[in-house]
Amino acid sequence: MFDTRTGRKLVEVHNLKMHFPIHAGFFRRRVGEVKAVDDVSFDIYEGETLGLVGESGCGKSTCGRAVLRLYDITSGSIRISGQEIGDAGFQRLRPMRPTMQMVFQDPQASLNPRMTVARIISEPLDEHTRLTRAEKTDRVYELMDAVGLNRDFANRYPHEFSGGQRQRIGIARALALNPRFIVCDEPIAALDVSIQAQVVNLLEELQDRLGLTYLFISHDLSMVRHIADRVAVMYLGKVVELAPRDALYETPKHPYTEALLSAVPEPDPSIETRKKHILLKGDVPSPANPPEGCNFCTRCPKVMDICHKVEPSTFKVAPGHSVACHLYSETIQKTAGETAAIEAQESTQQGE
């Protein structure tokens with residue numbers, strides 16, 4: 001298990017917002033905005049894998065792309081290796097591109113169908129290095145070896161490969177410039193189950209060998225438990241819980257995290273039949289019109305009056321474990337403790 005106390009912060013994200021404008025009418029006036037990522041903060045340590053999970057549409061992929069500055073962010077701070085890139089322009093970002101790369105979700109859509117594997121993998125080398133043609137060829141073969149692709153396939157096109165092989169091509173391209181930080185945007189979602197484990201094992205092997213740092217985005221909680229050191233849970237553009245992997249899976253604090261984990265099937269049928277499933281009512285609100293107060297208040301099984309009025313702060317409930325929920329505010333906990341004491345006293349008096 002990765003220990004954050006022994007590492008240095010490689011990625012620091014604070015109060016990140018990514019809002020997309022909504023235009024309507026004949027004059028295309030701005031009438032609102034989609035709050036895809038709304039005030040998100042987290043750190044990633046060198047050599048660590050941070051899992052980012054949540055249901056479809058919660059803003060995971062947008063967050064990953066914003067961290068790499070594939071979007072011009074609305075506001076916030078993004079620091080990579082101590083350098084602020086949140087407000088950086090093209091000229092400042094270009095020399096930093098080799099240190100941060102991305103593996104995309106759909107390997108077929110992210111590869112140019114008119115380019116051979118060798119050209120796809122060498123394209124970053126063409127843009128950012130001055131290697132000779134022979135040196136580029138050697139580097140392409142080296143990368144193909146690293147991801148388990150046959151060198152004889154270098155002059156083939158993407159459509160001639162399986163989904164798992166295409167994803168390996170995407171990983172090889174991401175590794176071409178020796179990056180330190182890679183955003184893996186659901187890299188196994190489009191693959192067969194039999195291939196998913198191979199790709200995840202490859203990512204782990206490359207991390208150990210090259211000292212890579214990952215932001216691993218996924219909705220597969222079982223796979224995240226296997227690969228991640230810490231896990232951040234997103235709901236409607238916000239991080240609602242952030243904790244070490246084992247702590248989050250064994251003692252989830254946020255009601256949304258509890259509901260997510262209750263939906264993960266257990267391999268043992270005897271355990272599955274005894275397991276309590278939490279069914280959330282209603283639909284996810286629109287990020288263009290989130291509810292007042294807590295974003296989860298419309299579906300939360302533990303909702304309180306304050307949840308509809310006040311947005312919850314982030315509370316630290318254990319070392320490295322934080323949760324954005326009113327249930328863990330000092331006022332609520334104190335009131336709950338007093339209520340429990342009164343109830344205990346009343347039951348004692350009735351017994352007498």
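**Ser329 and the cores**

Mentor: The side chain of Ser329 reaches the backbone oxygen of His326 at 3.0 Å, a polar contact (a pair of N or O atoms within 3.5 Å, where one must be able to donate a hydrogen and the other to accept it, and residues adjacent in sequence count only if both atoms are side-chain atoms). This is a predicted model, in which local features need pLDDT of at least 70, side-chain atom pairs count only at pLDDT 80 or more, and totals for chains, interfaces and linings use all residues. Residues are numbered from 1 along each chain as its sequence is written, and side-chain values use heavy atoms, with hydrogens and water left out.

Trainee: Is Ser329 buried or exposed?
Mentor: Ser329 is buried, at a relative accessible area of 11%; buried means under 20% (1.4 Å probe, protein chains only).

Trainee: New topic: which residues touch the most other members of the largest nonpolar core?
Mentor: Ile171 and Leu206, in a core of 59 residues. Such a core is a set of buried Ala, Val, Leu, Ile, Met, Phe, Trp, Tyr and Cys residues joined through side-chain atoms within 4.5 Å.

Trainee: What is Ile171 in contact with?
Mentor: Beyond its neighbours within four places in sequence, Ile171 is in contact (heavy atoms within 4.5 Å) with Val103, Val147, Val199, Leu202, Leu203 and Leu206. Apart from that core lies another, of 33 residues, including Leu10 and Cys58.

Conventions:
Buried < 20%, exposed > 50% of the residue type's maximum accessible area, 1.4 Å probe, protein only.
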